[in-house]
Number of protein chains: 2
Amino acid sequence: MATPTKGLVSRRQAVGAAILSPLLPAGAQAATPAPPLVMTRDALLAGLRATLDQDGILTGDAIGKRYLTRKQDDKPLAVLRPRNAAEVSAIMKLCSTARQPVVPQGGMTGLVGGGVAHRNELVISSERMNVIDGVNTADRTMTVGAGVTLKDAQDRAATLGFMVPLDFGIRKIATIGGMVSTNAGGEEVVRYGMTRESVLGLEVVLADGTIVTSLNQLIKNNAGYDLKHLFIGTEGTLGLVTRAVLRLRRRQDGAATALVAIDKPDGVPELLRHLEEELGGALTKFEIMWADYDAFVRKYCPDLKSPLGPGHTYYLVTDAVGNDAEFERERLKKVLARAKKSGVIVNAAIAKDEAERRSFWALREEAGAKFSEMGPFFGYDVSLSLADMPAFGARIKREITAALPAAQVLILGHVGDGNMHLVVAPGTPAEEAHHKCNEIIYGAIRELHGSVSAEHGIGTEKKDYLAWSRSPEEIVLMRTLKQTLDPLGILNPGKVL
Amino acid sequence: MATPTKGLVSRRQAVGAAILSPLLPAGAQAATPAPPLVMTRDALLAGLRATLDQDGILTGDAIGKRYLTRKQDDKPLAVLRPRNAAEVSAIMKLCSTARQPVVPQGGMTGLVGGGVAHRNELVISSERMNVIDGVNTADRTMTVGAGVTLKDAQDRAATLGFMVPLDFGIRKIATIGGMVSTNAGGEEVVRYGMTRESVLGLEVVLADGTIVTSLNQLIKNNAGYDLKHLFIGTEGTLGLVTRAVLRLRRRQDGAATALVAIDKPDGVPELLRHLEEELGGALTKFEIMWADYDAFVRKYCPDLKSPLGPGHTYYLVTDAVGNDAEFERERLKKVLARAKKSGVIVNAAIAKDEAERRSFWALREEAGAKFSEMGPFFGYDVSLSLADMPAFGARIKREITAALPAAQVLILGHVGDGNMHLVVAPGTPAEEAHHKCNEIIYGAIRELHGSVSAEHGIGTEKKDYLAWSRSPEEIVLMRTLKQTLDPLGILNPGKVL
């Protein structure tokens, strides 16, 4: 391969330049792997200081823990805290000139290392892009800055009789920008889908600083390619989300909750079928806990009282939501009575009021704070066919305890969506055990054509296993997109691919 | 710009080649606009005949009307009828070597010229890829060939207690591949979303013949970029869909239908709010007809009897679906009685049985066959804020009748989704009037930040107006994707962009 030549521009080069020039600064197309800095680091930092206000850039000791992951022993070069897309654009213009890698950060609640930034990298934090622009009540949409937390968005929607159709435990810290970038899931996916399904429009800054304003408010818009999907779930590797338009749903306050015990393996899909048939769109949550998880809760969370006896194969928590709680309770009671009579389930309890609803959900949600009682542990987030789940759970437990006799395995999941979470405490030094557990769990997922990431993403943690869930052709196509949108490789490098 | 040079490969070129080579045949990267054929047309046709079986290629008189649009006065070079992705791949390998443009065709029910193929183009028809591979009842998915009709998919799902959550009138002809490629909408979008929301996985053939098998069956899969969105709604310009995995929903048979008359402009959003609050997930359709549409139906479809009197500003048909029709009817009756009492609506009728339900829907659906009674007419498919609809409808009618005094304007739409359809019969020679109507309607949509295409797509018909709904940066990004995935410009050229 010859070195770049001046004056001798081939047709192929000219075409490439013509395609990319509106998106990239002159001369930027050629570089991968990134060539040496064309701007000194000091000049870059000076440029950034001139671009941002005093609170817009943190370095050294001013970089607090919120920008670091637990395992990390270094700090990023600086943390940038832009207030809007124009400032992000100015940052990216400087960084693309300087070939400076950047790492976008939201609430840092991710579980796969998607936001980790090392000493040669700049953090772009969304924390000051935390303004809710407004709610369009006629079209049921809300436009928010990337740094708005899920909780703040939920609260604003609720004051107007709406709901953000996304929810999970860490709602006070997780940001909308992070949720968009990771296509976050949660407990309401069975009814409303992933974050992707609730995003109508985005404002995004590309690697070269181009601002793509695509803040669509319309539910239906087939005018050309739907570009937002390039940025949803791509973990900041193709562009930086600065604002989002969310689709809201009308709030309904009549929720009923049931706790169900099941012993037979196909009881879970059978019950799901019954509930889908009877409740239709009122079925909003369908969460499962394996026996070991229930046993763990009984042992480590003695304040939580289950109305059901111990020792059943599966425990389920499910919600039906409409505008009349009493009606939803009665309907749920009828369906479950029939399921019990026909032997699909062993037993069920319906929460009599809001306080009991919360106590049922606590059985599912509050054990997380106690996992460390088992020592170091690893979390998994996989997806597979509902039909394969019982055998998969049994196999994982068998293989892990064979390999690591002191290990404990807790299993739970959003089963209505085929999503299982596994918590493995190896009971031995963690590093070596982690690799072994990965091989056992992801190996089984690979055989079953499941996904190594149902909702958490790939980040850095699961990169080695991406090819276990995706074909070579898919990965080539992902790389092609990456190369097209980030030819310098400066957007969240080393993540996903 | 110099001519292509041999031996002098710059770094920039090398990078470009490295990126694209897995996707494209050697030497294919350079060409846009397409250079002259490197294979004669006769050699190409001979190659295609050797690749396909006897029924796989049609030329000359064998090319029937189904492959042509009404206005067309030429025929494509040939029609290819591959049976699977391997055959499509072989076709695309030949066509990319020959720089031969291809036009994918499904049921040819599109309304924007997305499937029109001229004399220098090859049609790739999906009609023989019409096999339903199977239904996964545990995960509620169905895998189908691109050529399977919506009706066939619906029927297969129904035999197993499921539904395909997509529906519209031309279901017997429209194909799943065409629906995926255009992100088709329909009457159930208010509940289940567009086609995009019901697609879990795709098998796609790229411009160079690479088969990307991404037949994901999982509801949740965040393992890397979600590539299917490159091919959904991009009208065959980025790749050819050969198979799809659809997400099914449990079938519920208890449907209630109401016909409602409304006079005050904000009665429509108010009623929608009431229904969303009361019915939640049971609300599946919410369709509006303006007064002129109702008058047209009374005049031209005398067999259809409306239970409501003439002359109201809006007529609505709405469905609530659950597992108990009687319950749904009673609930709908209660909501509408309250809405009438509070002055939101003027009057309402609830269909007492399935036959009456069908007769209410006929008022909305059967007038289409009579539009030509008004002479030549143009159809529009726009999207805008629900809050802007009343004023938009009045403005369009006023401006069109001012410009074309003999014109008739009928308006209807999927209002729950912000989607309006307009039917304009100019009453004058069509060509000139068409441009005038486009300018009036799309001009208003541009001012209101609406979309020139809610669900039909851009095709060839709306290309001139794409920039009225999308920003320059969005269009540059679309072009970048097109150039990346189809550098030779052979996939459905001249469509969308």
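Modeller: This is a predicted model. Start with the strand order: in chain A, five strands make an open sheet in the order 5-6-10-8-9, and their pairing is antiparallel.

Colleague: Which strands stand at the edges of this sheet in chain A, and why is one side of each left without a neighbour?

Modeller: Strand 5 (132-136) and strand 9 (211-214) of chain A are the edge strands; each has a single partner strand, so one side of each lacks a neighbour in the sheet. Neighbouring strands of the sheet are turned against each other by 15° on average, ignoring direction.

Colleague: How many bridges join strand 8 to strand 9 of chain A?

Modeller: Four bridges join strand 8 (residues 199-205) of chain A to strand 9 of chain A, and the two run antiparallel. For a residue pair to look up, take Val205(A), whose bridge partner in strand 9 of chain A is Ile211(A).

Colleague: Which strands does helix 3 of chain A touch?

Modeller: Helix 3 of chain A packs on the sheet and touches strand 8, strand 9 and strand 10 (240-247) of chain A. The direction of helix 3 makes about 40° with that of strand 8 of chain A. Helix 4 (residues 150-159) of chain A also packs on the sheet, touching strand 5, strand 6 (141-145) and strand 10 of chain A. Its direction makes about 35° with that of strand 5 of chain A.

Colleague: Is helix 3 of chain A mostly covered or mostly exposed?

Modeller: The general idea comes first. An α-helix has 3.6 residues a turn, so residues three or four places apart point the same way. In the present case, helix 3 of chain A is mostly covered, with 11 of its 14 residues buried. Among the buried residues are Val88(A), Ile91(A), Met92(A), Leu94(A) and Cys95(A). The buried set also includes Glu87(A), Ser89(A), Ser96(A) and Thr97(A).

Colleague: What span does helix 3 of chain A have, and what follows the helix?

Modeller: Helix 3 (residues 85-98) of chain A reaches 20 Å from its first C-alpha to its last, close to the 20 Å expected at 1.5 Å a residue. Arg99(A) follows the helix and has a positive phi, near 55°.

Colleague: What does the corresponding reading give for chain B?

Modeller: Chain B has an open sheet of five strands in the order 5-6-10-8-9, with antiparallel pairing. Strand 5 (132-136) and strand 9 (211-214) of chain B stand at the edges with a single partner strand each, so one side of each has no neighbour in the sheet. The twist from one strand to the next averages 15°. Six bridges join strand 8 (residues 199-205) of chain B to strand 10 (residues 240-247) of chain B, which run antiparallel. Glu203(B) has Arg243(B) as its bridge partner in strand 10 of chain B. Helix 3 (residues 85-98) of chain B lies across strand 8, strand 9 and strand 10 of chain B, at about 40° to strand 8 of chain B.

Colleague: How many helices and strands are there in chain A?

Modeller: Chain A has 14 helices and 18 strands. Its radius of gyration is 24 Å, close to the 23 Å that the globule rule gives for 497 residues, so chain A is as compact as a globular protein of that length. Of those residues, 56% count as buried.

Colleague: Where in chain A is the pLDDT below 50?

Modeller: Chain A averages a pLDDT of 91, and 93% of the residues score at least 70. The pLDDT is below 50 over residues 1-32 of chain A. For the complex, the predictor gives an ipTM of 0.91 and a pTM of 0.92.

Note on methods. Residues are numbered from 1 along each chain as its sequence is written. Chains are lettered from A and ligands numbered from 1 in the order in which they are written. This is a predicted model: local features need pLDDT of at least 70, side-chain atom pairs count only at pLDDT 80 or more; totals for chains, interfaces and linings use all residues. The expected span of a helix is 1.5 Å times one less than its number of residues. A residue is buried if 20 or more other C-beta atoms lie within 10 Å of its own, exposed if 12 or fewer, and partly exposed in between; C-beta atoms are placed from the backbone. Two strands pair if DSSP finds at least two bridges between them. Axes are lines fitted to C-alpha atoms, for helices over the stretch in contact, and angles run from 0 to 180 degrees between N-to-C directions. Two residues are in contact if their C-beta atoms, placed from the backbone, lie within 7 Å. The radius of gyration is taken over C-alpha atoms; the globule rule is 2.2 Å times the number of residues to the power 0.38. pLDDT is the predictor's confidence in each residue, from 0 to 100.
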